[in-house]
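This briefing covers aromatic contacts, charges over rings and backbone exceptions. The sequence and the model come first.

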Amino acid sequence: MEKRTALYNKHVSLGAKMVPFAGFEMPVQYSGVTEEHFAVREKVGIFDVSHMGQFFVEGPSAKDLLQYITTNNVDLLEDGKAQYSCLPNGNGGIVDDLIIYKMNDEKYFVVVNASNIDKDWKQFQKYNDRFGAKLTNASDEMSLIAIQGPKATETLQKLTDTNLSEIPYYHFVEGTVDGVSNVIISNTGYTGSGGFEIYFKNEDALKLWDALTEAGKEFGLIPCGLASRDTLRLEKGFCLYGNDIDDTTSPLEAGLGWITKFDKDFVDREFLAKQKEEGISRKLVGFEMQERAIPRHGYVVVDSEGNEIGVVTSGTMSPMKSIGIGLAYVAKPNFKVGSDIFIQIRNKNVPAKVVKTPFV
């Protein structure tokens, strides 16, 4: 039985197409992927992302636990700052990617992927025996709405006295939105078009959704589903857990060396330091199709001789570029930017080129 977010009935009433996703019934699209995609790139869109997981890590040893179980350096956080990181699994792979929010020296808020809530919780508990932090899984009590796009700030600003222009990227404050207090207002998102994510109690979800919808009306705000969220993140080259990263991919292979800091001790530090020193044999790269074709997850990547050199992890038709784009793990030396590779689509090797991300 799939779970439902506090906004389930709202999505149904808006005519959303609902699909099972990560254990939830979620809206995949409302008016259509392309329309929703362009709304976020050019105006503003609103997403229900309440399926995501939320943990609180508290106490004198909260930082020490997070420092040990994640790859990024938690010492770099100050109050009101957020950090992208990942949980290594002890075998060189990734349990999940996540965002850590520092509320104060003894209180951190962690946001994890919906499909990994139970797995991540076990990982936190496994190592916490050593640290003794206070852990709270608040996933079932909290909702999350993302307001994304060039007009997102103006939309949200109508509903709060908090000066949103003073919240830098990857920073947050706790404030009041439309009379709802203790809302975490975060300058983050998964679309690459700017905007905010707000976290609050489930009982306020409907009120805030409606207020935001009304506030954004003059800017052309529309509700957006998981399908446009996926095309938006892919155009920016953001990893999706389960597709581009998982328990078999290392952060270095996934291009997440920038969140892997060796100036501290953490799970898999030795393994990853050795991998860094020796160099990786495969890498997650962006590629663009050179002919009209759409790459999909699982398609085989070959070289000009037809030798298998990798696999597509994410692919789509880019609404902004009107060409097929994707991410793939490719063996060296073919992962260099500019390399010609081929994607096997229906028994045909279709030419593609390795490019720098983001695509747009």
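Buried means under 20% relative accessible area, exposed over 50%, and partly exposed in between, with a 1.4 Å probe and protein chains only. At 17% relative accessibility, Tyr68 therefore counts as buried. The model is predicted: local features need pLDDT of at least 70, side-chain atom pairs count only at pLDDT 80 or more, and totals for chains, interfaces and linings use all residues. Residues are numbered from 1 along each chain as its sequence is written, and side-chain values use heavy atoms, with hydrogens and water left out.

**Aromatic pairs**

- Searching the whole structure gives 13 aromatic pairs; rings of Phe, Tyr and Trp (its six-membered ring) pair if their centres lie within 6.5 Å, and planes under 30 degrees apart count as stacked, over 60 as edge-to-face and the rest as tilted.
- Tyr68 and Tyr127 are edge-to-face because their planes are at 65 degrees, with the ring centres 5.7 Å apart.
- This pair links distant parts of the chain, 59 residues apart: Tyr68 belongs to helix α3 (residues 62-69) and Tyr127 to helix α4 (residues 117-131). Helices (H or I, at least four residues) and strands (E, at least two) are DSSP runs, numbered from the N terminus.
- Tyr127 is buried as well, at 11% relative accessibility.
- Tyr101 and Phe172 form another edge-to-face pair, 5.2 Å centre to centre with 85 degrees between the planes.
- Tyr101 is in strand β7 (residues 94-104) and Phe172 in strand β11 (residues 172-177), so their pair ties together parts 71 residues apart in sequence.
- Tyr101 is buried at 0% relative accessible area, and Phe172 is buried at 6%.
- One aromatic cluster is formed by Phe56, Tyr101, Phe109, Phe172 and Tyr199.

**Charges over rings**

- The charged end of Arg4 sits over the ring of Tyr8, 3.9 Å from its centre; the criterion is NZ of Lys or CZ of Arg within 6 Å of the ring centre and within 35 degrees of the ring normal.
- Over the ring of Tyr329 sits the charged end of Arg282, 4.6 Å from the ring centre.

**Backbone**

- Lys332 and Pro333 are joined by a cis peptide bond with omega about 5 degrees; Pro333 is in the loop between β18 (324-331) and β19 (340-345).
- From Thr357 to Pro358 the peptide bond is cis, omega being near 0 degrees, and Pro358 is in the segment after β20 (348-355).
- Asp178, a residue other than glycine, has a positive phi near 50 degrees and is partly exposed at 26% relative accessible area.
- Asp268 is not a glycine either, yet its phi is positive at about 75 degrees; Asp268 is buried at 12% relative accessible area.
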